[in-house]
Amino acid sequence: MADISSNFLGIKSPNPFWLASAPPTDKKYNVLRAFEAGWGGVVWKTLGSQVKNVSSRYSAVDYHGGRVMGFNNIELISDRPLDINLKEIKECIKLFPDRAMVVSLMADNNRESWHELIKKVEDTGAHGLELNFGCPHGMTERGMGAAVGQDPEIACMVVEWVMEAATIPVITKLTPNVHSVVPTGRSVVKAGTNALSLINTIQSVTGVDLDTLVPNPYVAGKSVFGGYCGPAVKPIALKFLTTIAQDEMTKKVPVSGIGGVSNWKDAVEFMLLGASNVQVCTAAMKYGFRIVEDMCEGLNNWMDEKGFFTLDDFIGKSVDKITHWEDLDINYHHIAKINQDKCIHCGLCYIACEDTSHQSIRIEKGNPYNTYTIIDSACVGCNLCQLVCPVDQCITMEEHRVAPEYVNWIEWQKRGLPLNDH
Amino acid sequence: MIESNRLTEKQYKDNFSDIHPPFENKTAAQVDANRCLFCFDAPCTKGCPTSIDIPKFIKQIANDDIKGSAHTIFKSNIMGAGCSKVCPVEKLCEGACVYNLLEEKPIPIAKLQRYATEKAMTNQWQFFSRKAAAGKKVAIVGAGPAGLSCAHVLSREGVDVTIFEKEKKGGGLMTYGIAAYKVTPEFCEDEVNYILAIGGIEIKYEQELGKDFTLAYLKKNYDAVYLGMGVGVARQLNIPGEKLEGVVDAIRFIYDLRDKGFPSIPVGDHVAVIGMGMTAIDAATQAKRLGAKKVTMLYRRTQEEMPCTQVELDIAKLDGCEIIWLASPQRVKGSKGKVKQLVCSKMKLGEPDTSGRRSPIDTGETFTLDVDMIIKAAGQVPYEKIVTKYKLDNKYGKITINEQCATNIKGVFAGGDAVNGGKEVVDAVQAGKDGAKAILKFLKIA
C-alpha cells in the first residue's frame, strides 16, 4: 500500500483531498460530515464582512444527458456571523485534530481589517490561511475578490499586509479571469505568500431559459454573471496550473490544485502537473462527501501499480512534458488504424474525417453495414477519428516516423525542408 | 368446450394491455435518446423499409424538439405511429442497431418513435398540407397501409383521392389483423383520422371490388387507379374435417376479436394453431389470453425455418403456448359436427425448396391431439379469382407490377400485400409511397 498522506507547508492531512472554500465548508455540520466521510482537510468558506445572499444561487450546464458538466454560482462569501464561524472552526479542529483546517479570508481592503481578521482566525487554532483573490462576482464590485487578483500590484500590497500579521502558512488563491495567472502569481510570491492555489471560478453565463428568455440562475426575472467550475473547467485549470509550475519564480512555492477535480484520476493529473494536493467542490456538491472513498482507493491503487510510494514521487512529473510548439518533433508521424474486428460500423470516424478533416477514410457501402478503412497516404494523424469512435481501442494511432531524427520547426526552416504542397 | 366470456373484466383488461408500454416521461425517453450514437449512413435507417431518418428523429428527441422528431418520422412513414407498435423491429431497425455488435441492447427505436408520434397524434400536430388542386382524381382500392400511404402522398400533391374499402373501418390489417395488445381499435381509428386530416381523401366504406363496383368503373371515372386491397382469406388446409364446427381462420378470429370486444369471442379449452408466422403467434397468444386452458402451436418445419421472429416466439412461449415442431395437420376428427381431435403427421426436413428452406417430408408416423378448436394461420391467399377476372397479370393471384408499380393495364397501379403476397405493415407503407410517386409521374404532376 502506497502512502497517500500529504504534507502541505507542514499542514498534514491523511490524504491530499481537501474540500475547497465553498458552500460544503461553510459550517460545522457539513465539515464534520466531511471529516467523517474521510476528507483530508477543508478550506473553510471565506470569512470577511458579513454579506447577504440571494435566491437562487446556482445553475449548471448539462451535456448529452449527463447533469452538471459545468456548475455556476452567484453565492458570496460566508453570510454567517463571524464569531459563530470562528467558534465552529475551533470545535472542528478539536474533534478532528489530524485533518487540515485552512480558513479562506477576504477582508475589507485595508491593512487593519486584514490584521484583525487574521488574528481572530489564528486564535481558532487553524493550520493555514487562504486568501480569496478570485471570487468573480458580488465581491469584486466592492474592490475585493477577483478585483484584487486581477491586479498584481494590489495583490502584492494585500499579501504584504497579510504576511505582516500571519504566523501560520498563507496560500494565495488566484483568479483565472485574466489572460495569464503568472503576473499576479509572481507578484504575490514576491510579497511572501507561502503557497498558491488555483483556479477560482471563471466568469460565466451558463444559459438562457428558452421559455422566459431570462438567463440563469434566475433571481426575480434577472441574472448576473456567475463563477463557473466543475468538470468543464478542468482543462483550463490544468493549463493555468502548468504555467505556474513552469515559471521560475512561482514554481518555488507549493500549489494546491483546484478546478473540476471529480475523481482520483483528475487529482493525479493535477498533481502530475505540479499541484501538491487538490481541492474539490462541485463533485461533492453533486454526489455528497462519500466520493472521497473512491478517490483515496483509486489513488492508492494507481500508485501501487506505478510503483510510487509517496505523493512526492510523482508530483510535478509531467510539468516538463509540456513544451513550446517550436520544440515539437516534426518528423514524428502517426496514422490511424481501424481495427475491423472491433468496428461497429457507426460511420462516425468517416463523417468526421470526410466533412471536417482530411478525407482519409475510405467507405465501402454495405447493407446494412459499411466498411471503413484508413487511406494511409492521406491521414495526417490528427486523432479526430479516434476521439469520436465510440469503441475503446477500435481506432489506434500507429507510429510511422517520417525520418528517425528529431527535427523541430526552427531547424526545419533552417534546412529549407519542404512544406505541404496541397 | 368452446365458450365466450371466460374471464372477468379485469382479467381481459390485464391480458390485453399494451405489451410494449411507452416511456413514462421525458427523462426516460431522453436517457435512451442520448444513448444513440447518431451513426452516419445509419444501419437502422437502412433496416427500415420506409427509410426513416432514425438518428435524426432520435437526436430531435434528445434536443427537446418533439415536433421536429415526429415530422421526421411522418415525412417518411405516415403510419409511423402504428409501425412503432407493430413492426418486428428486431429484424428491422433495432436488429441493425450497431449496439448489437457490441453485445449491448440496441436503442429502443420503436419506443422512441412511439414517444414522438403519440405526442403528435394526441396534440393533433399536422405537418402536411395540400398543394393547389392538381385537377386529377385517383381511385384507391383498400384503405390499408398501402392505400392510405399512397393516398396521403397523392393528396399532398393536390390530387383528389377516393378510397374504396370493403370493411367498416380503415387501416386494413393494422385495424383487423394484429394482436390487440399491440394496437387498440381506438388507436387504429385515431391513426386513420390523423392521416385523413390532410383533406382531399374520401373513404367509401363497405365497397368491395368485384361486388359493389368494377375495375372498369374506376378506370372510366378516375385518372388513375391504385390497387392496394391486400390479401384475402386464410389458406385452406385441404384436409378432411376442415368444415367441422370449431375450425376457424386466424384472420377471422383476430378480426372478430378486434371488432366485437374480448368477452364475446368464443375460444376452446384446448386450441391448436396451425402455422408459425406473426399472425399465428397473434392468434395463439390471444386465444390463451381469452382464457383457453391450453394452446398448442404446430409447424411443419423447425425453429430454424419459422417465419416469425424470436421475439414473437418468446411472447407465445411466455404466454404458455406449447410448440410442436415438424408437425403437419392430416385430418380433423369430430363428433356431432364439432371438433374433437387433430391428427398430425410427424415430419422431417428434406432438401431445400425454392424458398431456400429445407422442405418438410412426411415420416409416415402420426400423433393425435385432443382439441376442441383449431385456428388456421398458415398464411393468406391473394384475391386470385378477381385479379384473373380483370385480366391483371399475376402469379398465383399476386398482381405483377413493373418497376413503375404499373400493372399490365394502363393507368392501373398496384402495391402492398396484393403484390407481394403478405409482408409487414411498414413494407406496405413504402409500397404506397412508391405507387403514389409512379402515379404522379403518370399524371405528369411533380
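**Interface and cavities**

Guide: Chain B and chain A bury about 1400 Å² between them, 62% of it from carbon and sulfur atoms. Buried area is the accessible area (1.4 Å probe) that two parts lose on being put together, summed over both. This is a predicted model: local features need pLDDT of at least 70, side-chain atom pairs count only at pLDDT 80 or more, and totals for chains, interfaces and linings use all residues. Residues are numbered from 1 along each chain as written, chains are lettered from A in the order written, and side-chain values use heavy atoms, without hydrogens and water.

Visitor: Which three residues of chain B supply more of that area than any other three?

Guide: B:Asn34, B:Phe40 and B:Lys46. They supply 41% of what chain B buries against chain A.

Visitor: How many residues are in contact?

Guide: 15 of chain B and 19 of chain A. Contact means heavy atoms within 4.5 Å.

Visitor: What about salt bridges, and where?

Guide: The count is 1. The side chains of B:Asp41 and A:Lys365 meet at 2.8 Å, N to O. The rule is a Lys or Arg side-chain nitrogen within 4 Å of an Asp or Glu carboxyl oxygen.

Visitor: Which elements of chain B give two or more residues to that side?

Guide: α3 (43-47) and α7 (93-96). Helices are DSSP runs of H or I, at least four residues; strands are E runs of at least two; both are numbered from the N terminus.

Visitor: New topic. How many cavities of 30 Å³ or more?

Guide: 7. A cavity is a set of points on a 1 Å grid over the protein atoms alone where a 1.4 Å probe fits but cannot get out; lining residues have an atom within 4 Å of a point. Points are joined across faces, edges and corners, and volume is the space filled by probe spheres set on them.

Visitor: What lines the largest cavity?

Guide: 38 residues. A:Ser21, A:Ala22, A:Asn73, A:Asn200 and A:Thr201 lie nearest its centre. The space is about 470 Å³. α9(A) gives the most to the lining, with 3 residues.

Notes
1 Å grid on protein atoms, 1.4 Å probe; cavity = no way out; pocket = protein on both sides within 12 Å on 5 of 7 lines; lining within 4 Å.
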